[in-house]
Amino acid sequence: MRGLRVMIALFVLLLLGAPAIVSAQASIAGQVKDGSGAVLPGVTVEASSPALIEKVRSVVSGGTGQYRIELLPPGSYTVTFTLPGFSTVKREGVALTGTFTATIDADLRVGSVQETITVTGETPIVDVQSAARQRVIDRELIDSLPTGRSPFAQIALIPGITVSAANQDVGGATQLSGAIAMQVHGSTGNSQSLMENGLSTAALISPANSQITFNLAASQEIAVDYSGAGADTSGGGVRVNVIPREGGNTFNGVLFMNGTTEGLGGNNFTPRLRDAGLRTPNKIHKMFDFNPGFGGPLRRDKVWFYFSARRAISSKWMADEFYDKNANNPNVWTYQPDPSRPVSNDSNVNDGRLRLTVQAAPKMKVGLLYVQQTARNWPSILDVTGAPGGTLLAAEAGPYHYFPVERQVTGDVTIPLTNRLLIDGAAKTTFERAIRDPIRDVNPAMISVLEQSTGRQFRARQFFINRTSNVFFYRAAISYITGAHSFKFGVGDIFGSTVERDWDINPVSYRLNNSVPNQITMRAYPLDFSVNVDHQFGAYAQDRWTIDRLTLNAGLRLDWFKNSFPGQTIGPAQLAPTRNFQFSDTEGLNLKDLSPKLSAAYDLTGNAKTALKVSLNRNVEPYTVGGIAGANSPVVRLATTTTRAWGDANGNYIPDCNLVVLTANGECDAVANRLFGSAGAQANFDPDVLRGWGKRLYNWEMSAGVQRQITTGLSVDATYFRRWYGNFTVIDNRAVTAADFTQFSITAPVDSRLPNGGGNVISGLYDVNPSKFGLTDNITTFSKNFGKQVQMWNGVALTVNARMAHGIIVQGGIDRGTITQDVCDIRAKVPEYIVADPYSTPVVAAGTSTSTLNLASPTAWHCHTERPQTQVKLLGSYTVPKIELQVSSTLQSIPGPEIAAFFTATNALIAPSLGRPLSGGAANVSVNLVSPGTMFGERLNQLDMRFARPVRFGRSKATFQLDLYNALNVDAVTGVNSNYATWLRPQAVILGRFAKIGVQFDF
């Protein structure tokens, strides 16, 4: 079947010229009139540019005098208007980026064709034919801004887009990874789409993670859509398309190098941080980036190449993180930091890529891109941010995380068959291997420990991963364009497989509170499982129709997701010695959706300087092999982990019980899940969730605003955004009902740091009755079966965009909105339901998420949350005349870390209200004393600067750069400990001011 699908994809390649969006699709459109104002049909309109493989693309104006030229790659264009009996009109210097539509109207006067009138004028900066919100990061911005060499660092400067505190970049010290989840206006990280050359770069394990690290020396521009995208996309989050560089008829190259060391770093370890309990701050260790690129003709006007490579390393000292003096000592159960041995977070990436471009026919452009990478993250402790519920990893509890091979091979084609019929597409195959091994020289006798009082995990890591993925992508689009209409039809599919082994050294982990054991986590590993994505198919049709000054965009998209699980065997494990199950081929999800994509833009003044814009899109959540798509695997549905209470009566840190026996015995109470190690599935699925139309998690996204050109090169934009979700699911344990839970309350400690000074009663907490403890029969079904669930965003944004004389560039603005969530109906009827809050972003360490705030759980009493957020972001650049000194800077003012206070409530505090001890012999429960969204740390105000000076050598130049990151040397705390015993102790601060020295050779 896999071979048949590949053959079908290749057949589509032959029919449509090769499948996908090959690059950003800019357009030039407008209307032609004569001197009296009457429309002129039949005018030949030509767009010429070195960026075009055929050099010139032409169309003819329609009956209304309108014309449109589409699928134009980034570059500078000359537009020529010709009609017998009229003078020729030429408009030069029209710069195109991204998917921008430049409106170029023309007035022809009676005269000879030989007479040419050259019209001068600035490139339009207001797109009056599209309601999409897009920011294009072109070569000028890539080369001039003081940011890390990553699209994520550049994209984070767009107002409204957020990244987790763990991924807040300072000078490239964080973002060598491709696993950066971005959110915008209430979208989730899984909704983002990362593409290169129009095809997804996502790893199959997660739609939000790029399989590769991007190479900016090989990139022409970065197009970022964040609202109102067309029917060619399914998700409604941040949509990124990195456009690759191509060779031309002249040899040219670039060599970028920069770096820093600890000696170029400052010190922002202020007395207030020391007084708050911080011993050492985050600090730069070393960074280096070597990024050359070179291209040119292999055969002039026929075959071109572009080669690029990258070697980058990043290392920073982590706040208050030291190697454990007791590491590898199985007889000691405490974490003792060694201040003489600080721990760094290190990563490196090696990238090589080659792009070939061929003019296979006068109007056929064919490209081939080969990318090969390796990457490593070690030491890879948790990038401590104090995200609510985050766990601190000691060095020995982090994995040796590396990617021995990441490979992508892409082919693409663009064919303007006629003046009206255009075809473009691409196909790609990828392979990835991801490994998380134990750290070197680990003692196999070490058992992982989580200390509740500090949130510290130490001694060892719990488990490890070895995963491979093979994926094939294809997409195709065909456009038919008249003067007033632009109709487009496209199809695409993604299919592939992932094979993963989860394994451990010890099948148990311990939880301690103040060094006293109270709980064991048991695992039945190793665990091998496979997932096939059979179809992540999309097909769409859309039309752009211009009626005088109004442009309507209407599209309809079909999305189809289908996955399956090949036959698998799961054998015995140390704690499940009798387990030996075989599963035949199993179907997974089979979901189909129809989603309208609607928008309108109106040229208010008729001169392409003021546009009213409105959009309404239905978006579906992308699925791959994770989340609900993988949870239906017969292997994943088994109970392979559970917990049990443990009272270490003799203090020997050995559970004096038979762990294989699931009932209470010796020092161990009964397990929390009696299905552990058995053939009984702990997870079941409502068939209505697995199959059918309109069943996938979706959101509606609406925007309405106005964009106005104030003066030449300067525009402002004011927009209202709203997003709301539907098709939520809930996991209901059918073995219990709401009547099987007893409510209880606790009294918060009196503490001036808590809201209203603490001392308040926190009620609405649940504990299952002892007779039902350990009974599990979970089913995933729609939450609407139990009540109403709310997840929505409302907000506004005011932004400015300026490109003016003397290299003046200013972009940015203010974005303000509120996320509202409510699960109170659901929690009252399904008190056992646990769901993570999607906006309390988990910290990620080497791809493994730690705990986060729960939106619902037996002890999550805060079922309604409101999170107001305000961002201010600006970037600017200016070239001082005569001395050619370029000064550029970026400013970000973003909310501080969200603060939680996880209090360990013991039976002594609980029993008076509950009327008994906690079920299952549990020693305590963790309760957040702070309602989510009500308490935040100080805002982060980050200013970065660059001073650059070019030195020219004939046609070549060397631009010398001095960057200052955190130029004001602020000491903002970016993470605090959320465990009440060490509450509010800083865990991370912004990196202190440091300098990077760099040079870019262009030749």
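Are Asp-963 and Arg-946 buried or exposed, and which strands hold them?

Solution. Begin with the cut-offs: a residue is buried under 20% relative accessible area, exposed over 50% and partly exposed in between, with a 1.4 Å probe and protein chains only. By this rule Asp-963 is buried, and Arg-946 is buried as well. Before going on, note that this is a predicted model, in which local features need pLDDT of at least 70 and side-chain atom pairs count only at pLDDT 80 or more, while totals for chains, interfaces and linings use all residues. Residues are numbered from 1 along each chain as its sequence is written, and side-chain values use heavy atoms, leaving out hydrogens and water.

Next, consider the contact itself. Asp-963 and Arg-946 form a salt bridge (a side-chain nitrogen of Lys or Arg within 4 Å of a carboxyl oxygen of Asp or Glu), and their closest N and O atoms are 2.7 Å apart. Asp-963 belongs to strand β58 (residues 956-965) and Arg-946 to strand β57 (residues 940-953), and the two residues are 17 apart in the chain. A strand here is a DSSP run of E with at least two residues, numbered from the N terminus.

**Exercise on a second salt bridge**

What does the salt bridge between Arg-723 and Glu-701 tie together, and why?

Solution. First, the closest N and O atoms of Arg-723 and Glu-701 are 3.8 Å apart. Arg-723 lies in strand β42 (residues 714-726), whereas Glu-701 lies in strand β41 (residues 698-711), so the pair ties together parts that are 22 residues apart in sequence. Finally, both Arg-723 and Glu-701 are buried.

**Exercise on an aromatic pair**

How are the rings of Phe-464 and Trp-503 arranged?

Solution. Rings of Phe, Tyr and Trp (its six-membered ring) pair if their centres lie within 6.5 Å, and planes under 30 degrees apart count as stacked, over 60 as edge-to-face and the rest as tilted. The structure holds 20 such aromatic pairs. In the pair of Phe-464 and Trp-503, the centres are 4.9 Å apart and the planes are at 40 degrees, which is a tilted arrangement. Phe-464 lies in strand β27 (residues 464-481) and Trp-503 in strand β28 (residues 485-503), so this pair ties together parts that are 39 residues apart in sequence. As for accessibility, Phe-464 is buried at 3%, whereas Trp-503 is partly exposed at 25%.

**Exercise on charges over rings**

Which residue lies over the face of Phe-473, and which has its charged end over the ring of Tyr-335?

Solution. The rule asks that NZ of Lys or CZ of Arg be within 6 Å of the ring centre and within 35 degrees of the ring normal. Lys-428 lies over Phe-473, at 5.0 Å from the ring centre. Over Tyr-335 sits the charged end of Arg-456, at 4.5 Å from the centre of the ring.

**Exercise on a sheet**

In what order do the seven strands of the open sheet stand, and which of them are at the edges?

Solution. Strands pair if DSSP finds at least two bridges between them. The order is β22-β26-β25-β29-β30-β37-β38, with mixed pairing. The edges are β22 (392-393) and β38 (668-671), each with a single partner strand, so one side of each is left without a neighbour in the sheet. Within the sheet, β30 (residues 516-523) and β37 (residues 641-646) run antiparallel and are joined by five bridges. Here Met-522 has Thr-642 in β37 as its bridge partner.

Notes:
Helices (H or I, at least four residues) and strands (E, at least two) are DSSP runs, numbered from the N terminus.
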